[in-house]
Amino acid sequence: MPGELDFEMLRLRADELAGRAYAPYSEFSVGAAGLVVDGRIVGGCNVENASYPVGLCAECGLVSELVATGGGQLVAVSCRTGSGQTVLPCGRCRQLLFEHGGEQLLIDTPRGPRPLGELLPAAFGPGDLERSKES
Ligand code: THU
């Protein structure tokens, strides 16, 4: 595993959070836990809605807690299903996480942690907005 990050601890936290998911429509519970550069652990669970497209992914809750508790850079994220399996963030959530972790952010996958830069190559990010202001 890259670095000395305690992914097992993040997986356990994501499992706990998956247990709190509100997913009566898909019955697919997800929990997400992230380690912040300052050592905080933030997380969330999916929250569905009778108006299906309005539902929130677990990573939305994670990013919301990150920002609401002071922000900072994410260094590692684990997403888990209610049955204790590691699941990859959907495309939209990869973009959400990219904003707060960049390409070095380690995302747990069924084959172990991988940098977000591999899962979302050539991502659009804050740097692209800055560059467009310069030209
Ligand atoms: N889901 C997440 O919470 N995160 C993901 O990255 C993938 C999908 C949720 C959304 C929906 O509530 C359920 O899983 C089925 O798609």
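## Exercises on a predicted model

The side chains of Asp-108 and Arg-11 make a polar contact of 2.5 Å, where a polar contact is a pair of N or O atoms within 3.5 Å; within protein, one must be able to donate a hydrogen and the other to accept it, and residues adjacent in sequence count only if both atoms are side-chain atoms. The model is predicted: local features need pLDDT of at least 70, side-chain atom pairs count only at pLDDT 80 or more, and totals for chains, interfaces and linings use all residues. Residues are numbered from 1 along each chain as its sequence is written, and side-chain values use heavy atoms, with hydrogens and water left out.

**Exercise 1.** Describe the place of Asp-108 and state whether Asp-108 is buried or exposed.

Step 1. Asp-108 sits in the loop between strand 4 and strand 5 (114-115). Helices (H or I, at least four residues) and strands (E, at least two) are DSSP runs, numbered from the N terminus.

Step 2. The relative accessible area of Asp-108 is 1%, which makes this residue buried. The cut-offs are under 20% for buried and over 50% for exposed, with partly exposed in between (1.4 Å probe, protein chains only).

Step 3. Contact means heavy atoms within 4.5 Å. Not counting residues up to four places away in sequence, Asp-108 touches Phe-7, Arg-11, Val-77, Ser-78, Thr-86, Val-87, Leu-88 and Pro-113.

**Exercise 2.** Find the buried residues of helix 3 and determine how they are arranged about its axis.

Step 1. Helix 3 spans residues 91-101, and its buried residues are Cys-93, Arg-94, Leu-97, Phe-98 and Gly-101.

Step 2. Viewed down the helix axis, these buried residues fall within an arc of 150 degrees, so they line one face of helix 3. The arc is taken over the directions from the helix axis to the C-beta atoms.

Step 3. After helix 3 comes Gly-102, with a positive phi near 70 degrees.

**Exercise 3.** Repeat the analysis for helix 2.

Step 1. Ala-58, Glu-59, Cys-60, Leu-62, Val-63 and Leu-66 are buried in helix 2.

Step 2. Strand 1 (30-36), strand 2 (41-45), strand 3 and helix 3 are included in what covers them.

Step 3. Gly-70 follows helix 2 and has a positive phi, near 125 degrees.

**Exercise 4.** Locate Glu-27 and give its phi and exposure.

Step 1. Glu-27 lies in the loop between helix 1 (7-18) and strand 1.

Step 2. Its phi is positive, near 55 degrees, in a residue other than glycine. Most residues other than glycine have a negative phi.

Step 3. Glu-27 is exposed, at a relative accessible area of 68%.
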